[in-house]
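Subject: Structure handover

Hello,

Here is the structure I promised to pass on. Please open it alongside this note. My findings follow below it.

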Amino acid sequence: MSETHESTKEKGAAIRKAVINIEGMTCASCVARVEKALRGKAGVKEATVNLATGKATVDYFPAETGIEDLTAAIEDLGYRTKLHKDVFEVEGMTCASCVSRVEKALSGLKGVADAEVNLATEKATVSYDPLEVDYRKMAEAVAAAGYRLKKPAKSEEGLDRESKAREREMRLLKVKLIYSAASALLIIVVSMLGMHIPGLKDLSDRTRFLILFVMATPVQFWPGLTFYRGAFKAARHGSSDMNTLIAVGTTAAYLYSVTATFFPSFISGTGLELAVYYDASASIIALILLGRFLEARAKGRTSEAIGRLLDLQPRTARVIRDGEEMEIAADEVHIGDLLAVRPGERIPVDGVVTDGRSSVDESMLTGESIPVEKGPGDEVTGATVNGTGYFRFRATRVGNDTVLAQIIRLVEEAQGSKAPIQRIADKVASIFVPVVIGIAALTFLVWLLAGPTPSFNYALLNFVAVLVIACPCALGLATPTAIMVGTGKGAELGVLIKGGEVLERAGKVDMVIFDKTGTLTQGKPVVTEVVPVPGKEEGWVLALAASAERGSEHPLAETLVQEASARGLELYEISDFQALPGRGITGELNGMRIKLGSATFMRE
């Protein structure tokens, strides 16, 4: 599979071309069926299918449909597509123009159907045919573009390593920021107020320039080294990016100042007033590093939602082998293994109950506050919490196939997805840098030739100003950061958001309809109403029920007891208490038989 990107003004969006391998087509009628299904999808401009090659070529609007929708349409007809979808980490990206280069490198590979790169999360979501392209080929293509592609760390240890590496990067960036900001402040004070400060006002301009040089040089070549490295890497691959703008702009101001410091006659000989601009280069570096630091801190929150979901996954499982119960790592559970779950434990993987009964808290999945009764033949989901019973179940889905793993993958893909407006922003950013450099050069020439005296100084200052102010950082970061924070916060609160396109469309929603009761809950049951039979008081009924449930471990029992206590009701001593799993409880009070439970139990 391969994909190309084309621009069009139709529908105000870019058209994408995807080539999808299809298995199972045997005749011309198969071709017609697939073409009809694809052309019937909203957002598809054109679809052609070749029986000989077994490929479908589709031109579509990514704002309206995607690779998943196209492959689903094909598979719904009974044919097979060979697409895999993985999320990879990308190292070395610094600005929006980097995104387009990585996407171009991945999309240019035969076998890649779709590639989306997100600057804020530093991840690439790739749909590809594993028979035609693999991770090694993708990594080589990205490396040739000047970046590094890595498989994401999914395990707890991998996430811990990733977290520590991010912390080291943050600490170094923070030190550079503090140093450059403090130095820039001192340089500004000496440059603008030096003639009023005792001890400095009596120094000659040359001496003061030397002091500024000593303070500005470390800023230029230690914190500023980041921009030089990025600009060199981009230049080595025949391109330019935000680092290029910063490096060129600050270097121009710094070198002019160095010339004024050590070769003053070169400037004064032209009739220009002798001046230095160390404060400009140092303050620009400090301000850009401040932006990078805030950006890095926002990126650091990206994996927090994933980490919280992973925390739900038990680290160990009780597996029964050769009749013995043993504790092993949850990662070592295989499909078909028989596992035991004790009261209060999290269920390690997905499976089907073989024997035993219990109630399971599935609120992390469904939002339903009432635990679900489970018995032989019922399905259980990994990461949900067992109640008071003991049961055994057989594993049916493990590892990356569990419901929790699929939720985590959905969150990752959502955080890496692009909203339609972001695709436009990335395209603009990719051509923005060379255009800005051209405008800056033109600005310099205009001010030099037509500007007021000293025209060279004005030309240089405006040249630097255009380069720095026009950096497309906000253009490339605003939307992906918003998506990253929105999807992460949603996952933290139990709301799964499919992607950036969904978020963008949600801004136009004026009404939300929920499909059933229990969708909006606090995750725990509460008593909302007590309806007594005629002739009985509400308080007496609640006190009787709470008294009977006081000896039960069922979650609803605790709710009744708490409500009775909140109302200040006196509870009674119940005798002959008996709990019947999956049905209810019975007991006696002064010779009166009491039954509480399900409707079926009450009818018995």
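**What I found**

Start with the open sheet of 3 strands, whose order is β15-β14-β17 and whose pairing is antiparallel. Strands here are DSSP runs of E of at least two residues; helices are runs of H or I of at least four residues; both are numbered from the N terminus. Two strands pair if DSSP finds at least two bridges between them. The edges are β15 (372-374) and β17 (385-386), each pairing on one side only. Strand β14 (residues 358-361) runs antiparallel to β17 and is joined to β17 by 2 bridges. V360 has N386 in β17 as its bridge partner.

Before going on, a word on the basis. This is a predicted model, in which local features need pLDDT of at least 70 and side-chain atom pairs count only at pLDDT 80 or more, while totals for chains, interfaces and linings use all residues. Residues are numbered from 1 along each chain as its sequence is written, and side-chain values use heavy atoms, with hydrogens and water left out.

Next comes an open sheet of 6 strands. The order is β11-β10-β12-β18-β13-β16, again with antiparallel pairing. Its edge strands are β11 (324-329) and β16 (379-380); each pairs on one side only. Strand β10 (residues 316-321) is antiparallel to β11, and 6 bridges join β10 to β11. A317 has I328 in β11 as its bridge partner.

The term means a side-chain nitrogen of Lys or Arg within 4 Å of a carboxyl oxygen of Asp or Glu. D337 forms one with R321, with the closest N and O atoms 2.8 Å apart. R321 is in strand β10 and D337 in the loop between β11 and β12 (338-341), so the pair ties together parts 16 residues apart in sequence. The count comes to 17 salt bridges.

Last, a helix pair. Helix α7 (residues 225-236) packs against helix α8 (residues 242-262) at an angle of about 120°, with axes 8 Å apart. Axes are lines fitted to C-alpha atoms, for helices over the stretch in contact; angles run from 0 to 180 degrees between N-to-C directions. In contact (heavy atoms within 4.5 Å), T226, F227, Y228, G230, A231 and A234 of α7 meet N243, T244, I246, A247 and T251 of α8.

Best wishes
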